[in-house]
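Student: I am new to this structure and would like to go through it step by step. Could we look at it together?

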Amino acid sequence: MKRIYSTLLSLSLLTASQFVLANVNTEQAENFYKRTCATCHGKSAEKSALGQSRIINTLNSEEIYTALSDRKSGKIQGAGNMVKSRLSEEEIKMLSEFVPILKK
């Protein structure tokens, strides 16, 4: 019982992005981010892409997922839509779980 409590306490200390990220290959996500996103959004997602987007490392996983999905579908228009239109569902999920950890 003490061991279970200790494990639950440890899990409760994790942030949401750390917990979700356990399901993501961080090396793969990092490489994909660098190839696909970093040119416009910055190495640590610290830039406003083309001076028009929000700084994405300030967003949580759900906000990133929604933004990428909405841009892919054309619901949100912008300069980055062409890139986002090529993202698979798996890539959107991977990025939405990875980007929030870049603000550290």
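**Surface and fold**

Tutor: The protein exposes about 7200 Å², and carbon and sulfur atoms supply 57% of it; accessible areas come from the Shrake-Rupley method with a 1.4 Å probe, and for residues only the protein chains shown count as cover. This is a predicted model, in which local features need pLDDT of at least 70, side-chain atom pairs count only at pLDDT 80 or more, and totals for chains, interfaces and linings use all residues. Residues are numbered from 1 along each chain as its sequence is written, and side-chain values use heavy atoms, with hydrogens and water left out.

Student: How many helices and strands are there in the protein?

Tutor: Helices (H or I, at least four residues) and strands (E, at least two) are DSSP runs, numbered from the N terminus. Along the sequence the pattern reads α-α-α-α-α-α-α. The count is 7 helices and 0 strands.

Student: What percentage of the residues of the protein count as buried?

Tutor: Buried means under 20% relative accessible area, exposed means over 50%, and partly exposed lies in between (1.4 Å probe, protein chains only). Of the 104 residues of the protein, the buried share is 33%.

Student: Which helix supplies the largest share of the lining of the largest pocket?

Tutor: The largest pocket holds about 620 Å³ of space. Among the 27 residues that line this pocket, the closest to its centre are His41, Ser53, Ile56, Arg71 and Lys84. Helix H4 (38–41), helix H5 (61–73) and helix H6 (81–84) each supply at least two lining residues. The largest share, 5 residues, comes from H5.

Student: What does "pocket" mean here, and how is its volume taken?

Tutor: On a 1 Å grid over the protein atoms alone, a pocket is an open set of points with protein on both sides within 12 Å along at least five of seven lines, and lining residues have an atom within 4 Å of a point. Grid points are joined across faces, edges and corners, and the volume is the space filled by probe spheres set on the points.

Student: Is alanine 45 buried or exposed?

Tutor: Alanine 45 is found in the loop between H4 and H5. Its phi is positive, about 60°, although it is not a glycine. Because its relative accessibility is 0%, alanine 45 counts as buried.

Student: Is leucine 50 buried or exposed?

Tutor: Leucine 50 lies in the loop between H4 and H5 and has a positive phi of about 55° although it is not a glycine. At 58% relative accessibility, leucine 50 counts as exposed.

Student: Which residues is alanine 49 in contact with, leaving aside its neighbours within four places in sequence?

Tutor: Alanine 49 counts as buried, at 11% relative accessibility. Contact means heavy atoms within 4.5 Å. With those neighbours left aside, alanine 49 is in contact with Cys40 and His41.

Definitions and conventions:
1 Å grid on protein atoms, 1.4 Å probe; cavity = no way out; pocket = protein on both sides within 12 Å on 5 of 7 lines; lining within 4 Å.
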